[in-house]
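Please read it alongside the sequence.

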2 protein chains.
Amino acid sequence: MNRAGGAPTRREILHAIGVMGGASVLYQAMATMGHAAETQFAGPPNLSGARPGASVLVLGAGLAGMLAAYELGKAGYKVRIIEYNNRPGGRNWSLYGGDTYAELGGATQKIGFAKGNYLNPGPWRIPYHHRSLLHYCKAFGVALEPFIQLNHQALVHNSKAFGGKPQRYRELAADWDGNVAELLSKAIDNKGLNAVMTTEDGEMLKEALRTWGMLDKDMRYVRGPASAARRGFDRPPGGGVDGAPIPSDPFDFRDVRQSGVWRAFAQHMGHERQTTMFQPVGGMGMIGQAFARQVEGKIRYGAKVTKIDQSGGAVTVTWTDVASGAVETAKADYCVCTIPLGILSQIDVDVSPGMRAAIAAVPYSNSVKVGLEMKSRFWEDEDAIYGGISFTDQPIGMISYPSGGMHSAGPGVILGAYTFGPASYKLAALPPEQRIAAALDQGAVLHPGRYKEQFSNGAAVAWSRSPFTLGCCAQWNEDTRKEHYQTLVAVDDRIVLAGEHASYIGCWMEGALLSSLDAITRLHKRALEA
Amino acid sequence: MNRAGGAPTRREILHAIGVMGGASVLYQAMATMGHAAETQFAGPPNLSGARPGASVLVLGAGLAGMLAAYELGKAGYKVRIIEYNNRPGGRNWSLYGGDTYAELGGATQKIGFAKGNYLNPGPWRIPYHHRSLLHYCKAFGVALEPFIQLNHQALVHNSKAFGGKPQRYRELAADWDGNVAELLSKAIDNKGLNAVMTTEDGEMLKEALRTWGMLDKDMRYVRGPASAARRGFDRPPGGGVDGAPIPSDPFDFRDVRQSGVWRAFAQHMGHERQTTMFQPVGGMGMIGQAFARQVEGKIRYGAKVTKIDQSGGAVTVTWTDVASGAVETAKADYCVCTIPLGILSQIDVDVSPGMRAAIAAVPYSNSVKVGLEMKSRFWEDEDAIYGGISFTDQPIGMISYPSGGMHSAGPGVILGAYTFGPASYKLAALPPEQRIAAALDQGAVLHPGRYKEQFSNGAAVAWSRSPFTLGCCAQWNEDTRKEHYQTLVAVDDRIVLAGEHASYIGCWMEGALLSSLDAITRLHKRALEA
């Protein structure tokens with residue numbers, strides 16, 4: 001019986017199984033109950049039976065570290081967190097007006113955003129299936145609101161299509177579906193698929209294609225009420241005397257293909273970016289703040305770890321006080337280390353050669369994000385774009401319109417660049433104000449007339465210049481996974497690593513949390529066996 | 001120069017053109033400025049020069065009527081609204097706990113929802129391109145939040161597919177795209193499209209299809225990391241030792257086609273249901289409330305209009321006081337009549353035979369909506385469904401999960417039925433409690449185990465039994481449009497009709513507003529010529 005006196009819930013049963021049998025038995029039970037496909041999260045870990053007085057040093061006050069400290073602390077462990085920055089959250093972080101950010105190389109930005117506006121340099125959206133993150137947001141009182149990923153009214157810009165003129169996602173998407181449907185229908189008629197499909201199946205598929213692709217009675221995708229009802233109108237329907245709509249002309253299919261809109265589909269349809277996504281009200285950093293409140297008083301800020309030793313039946317961590325340069329140490333029975341691998345590989349760590357090799361084996365990606373504060377929300381008022389993403393083949397990669405504060409008056413912050421690959425290193429090489437200028441130039445191609453006129457101030461974060469991560473997130477490949485992953489995540493005597501780099505959900509907060517839960521569950525087991 | 005002293009904005013230019021040239025010149029100007037495809041709304045109407053003391057009777061305090069009264073009042077007309085109900089809003093309306101609703105036939109429901117919960121019997125979502133509605137929501141202080149239409153985690157249920165087992169939209173959508181891509185690629189290889197496509201175009205299209213359809217290197221849609229990254233996993237990626245994901249098996253394409261998921265695509269991709277949609281915070285009825293505040297003191301409630309006369313150089317409206325049965329009349333120079341056609345056709349209206357024929361010519365649709373309050377938000381906590389719609393081929397048509405209050409604890413109201421066509425009349429024939437029972441039975445097929453267990457109370461509105469509309473909304477067809485539409489919307493001496501029925505955006509609030517703006521603009525012109 002559960003607390004309410006009724007039959008046990010699925011969660012309660014799963015929790016009981018987890019206590020008895022551990023993670024993989026639990027996972028089988030979840031699969032049997034039809035839940036496995038949803039998540040690997042089955043509720044907070046059970047860490048009962050901790051030895052009184054056992055202590056843990058947690059390195060890093062990012063989400064993985066703070067979650068480890070929170071759950072271990074709840075279980076009875078004596079916990080302390082050592083953190084390099086003077087704030088909690090790690091990559092979970094928002095820059096607000098009045099904040100200062102100094103990057104490697106010395107460039108320092110004083111953020112000028114209006115009150116309430118922000119840039120999320122790191123994570124910025126939460127998938128519905130990241131269940132541990134959503135669980136702890138609820139438990140720790142983080143208010144969430146929808147994050148708009150797909151926006152039919154947003155733009156797709158390809159400098160090699162439509163003479164470089166940006167087009168609406170809805171028009172390109174409608175024309176893609178319509179043309180694909182018409183072509184496949186033609187192929188069925190031409191018996192091009194007789195080898196794989198019966199005539200009857202072909203006819204039934206054609207009926208489905210007609211509805212899906214907005215084809216006319218002759219199975220053609222043409223200008224008319226059907227295509228306009230998806231791609232939009234030359235004159236939309238209205239009221240009164242001039243109410244009758246005028247359909248719009250579909251594009252030439254070659255241009256549609258050339259636009260690369262199918263890449264945007266692939267983005268939006270990906271499991272990690274499907275609806276419904278969320279963001280915290282007021283900035284992603286609200287999550288780090290909320291986690292920090294749960295471990296209040298346990299974080300030592302401004303401490304740069306230089307050595308991790310585990311000789312003599314204890315873990316000894318040495319750090320330098322960033323402000324004073326003083327060297328300090330602390331001892332504990334165990335250590336959960338969440339320091340990003342690029343930093344950790346430069347620290348003297350007393351682990352097996354295999355784990356040291358694993359730490360050194362995984363490169364980090366780079367990425368640049370630029371926030372542009374605009375005096376008005378012209379994309380809403382004039383273009384009817386509310387949240388979502390416009391794509392471009394320029395180095396900025398995309399523009400994302402704020403999902404928060406929609407319909408409000410006053411300034412708003414557009415994500416003016418979110419770069420990947422070579423573009424990131426090129427932008428990172430520029431001083432922040434030149435990154436902002438480049439983002440403005442490129443963004444103005446999508447919103448000519450208004451973009452530069454409405455610009456007020458900006459902020460730019462290049463992750464390769466981040467002093468606390470030296471990059472964005474861990475980039476595993478098939479070979480490194482095979483050779484190093486299990487060694488990296490294994491408990492090494494008294495030390496265990498955790499973070500997005502110790503997961504298969506790299507670059508996502510959920511990976512950091514699931515990694516942390518798994519790591520502390522195994523460390524706890526190790527402690528019970530000691 | 002505009003108020004701020006800078007160059008005039010596009011809106012200001014358009015407003016100036018509208019004042020000088022009227023609606024169709026304005027429309028041409030908008031088209032030239034690249035705005036026409038967005039909306040037929042170009043800002044509030046210019047009604048300057050009203051004759052002092054000129055008066056207008058507005059019939060109906062729905063959105064069309066209240067907007068007419070607001071704008072005419074602002075222009076200097078003496079305005080009064082006559083309304084049948086004891087509340088403003090018309091079909092813009094939310095039912096809250098404590099409300100009472102009596103339908104034709106006498107059945108009366110006392111709504112039992114918890115505080116803050118509601119059912120929107122009428123409109124429930126606002127497209128981003130319904131610019132006049134969004135304009136007035138902003139102007140009148142109606143707080144909006146995203147309405148989630150498309151939800152990849154929601155279900156598609158077809159009793160004739162998958163043995164009647166509901167499946168996730170994301171799985172079906174991924175498999176649809178993947179199979180269509182693979183088939184079209186095969187057809188290109190088999191030269192089934194040689195007549196319409198060069199070999200080079202075919203090869204380039206194949207590369208696009210590979211990305212779009214998540215095909216493997218051999219252009220096949222198969223179980224593996226590519227398809228799983230869209231349709232989901234048997235075991236999703238996680239953290240630590242058991243982090244590696246296990247892909248899921250795609251469905252048989254015949255089952256996917258049979259599921260009718262392409263109908264759901266067509267729904268979500270339609271211009272009227274594209275992202276980003278909105279709803280007022282706290283219920284759609286907030287809009288009617290906000291409009292009513294703008295015409296405070298001008299609405300005569302509880303008045304059933306029985307006669308509209310325009311002899312003798314004035315409009316005389318006669319009504320019965322619903323409570324007392326007393327007959328009253330009022331006189332004015334002009335009349336804006338927004339009474340739904342099914343009601344208006346039963347009233348003695350002094351207009352041309354052509355307009356009377358038009359009023360009688362347009363049938364109304366029916367629809368039934370059922371709200372089911374559940375004790376907990378199990379669809380969020382257990383199924384990771386946040387807002388959006390699950391489709392079924394059962395009479396209820398769909399289940400929609402609330403877009404408001406996501407992640408909160410406590411009871412939530414599911415839209416448990418939104419029926420069309422014959423199903424509506426069948427459900428409407430049942431007493432409300434049996435409609436609710438039917439919705440529970442059918443909804444339980446999608447959420448077995450939890451649906452009936454968590455049910456607390458419900459509400460059901462059958463629009464064919466609505467005393468103030470006798471139906472849902474006007475159903476024009478090509479023939480009736482041709483024969484009657486222009487006559488219906490024309491100014492008939494001193495009377496003009498307005499409402500969604502006098503628009504090409506039938507059944508939408510935007511149609512009511514654009515119709516109203518056009519009607520009062522022409523009535524004002526008529527008044528100036530008088």
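In this predicted model, the domain assignment divides chain A into three parts, two of them built from separated segments of the chain. Domain 1 takes in 38-83, 286-362 and 475-529, domain 2 comprises 95-153, 274-283 and 365-465, and domain 3 covers 169-251. Between the C-alpha centres of domain 1 of chain A and domain 3 of chain A the distance is 54 Å.

**Relation of the chains**

**Contact between the chains**

- In chain B, 84 residues are in contact with 83 residues of chain A.
- Helix α4 (residues 169-189) of chain B supplies the largest share of the side that touches chain A, namely eight residues.
- That side of chain B consists of 41 nonpolar, 28 polar and 15 charged residues.

**A sheet in chain B**

- Four strands of chain B form an open sheet with mixed pairing, in the order β16-β15-β14-β18.
- The edges are held by β16 (327-332) and β18 (348-349) of chain B; each has a single partner strand, so one side of each lacks a neighbour in the sheet.
- Strands β14 (residues 303-309) and β15 (residues 315-321) of chain B run antiparallel and are joined by six bridges.
- B:Val305 has B:Trp319 in β15(B) as its bridge partner.

Note on methods
Residues are numbered from 1 along each chain as its sequence is written. Chains are lettered from A and ligands numbered from 1 in the order in which they are written. This is a predicted model: local features need pLDDT of at least 70, side-chain atom pairs count only at pLDDT 80 or more; totals for chains, interfaces and linings use all residues. Two residues are in contact if their C-beta atoms, placed from the backbone, lie within 7 Å. Helices (H or I, at least four residues) and strands (E, at least two) are DSSP runs, numbered from the N terminus. Ala, Val, Leu, Ile, Met, Phe, Trp, Tyr, Cys and Pro count as nonpolar, Asp, Glu, Lys and Arg as charged, and the others, Gly among them, as polar. Domain bounds come from an automatic or database domain assignment. Two strands pair if DSSP finds at least two bridges between them.
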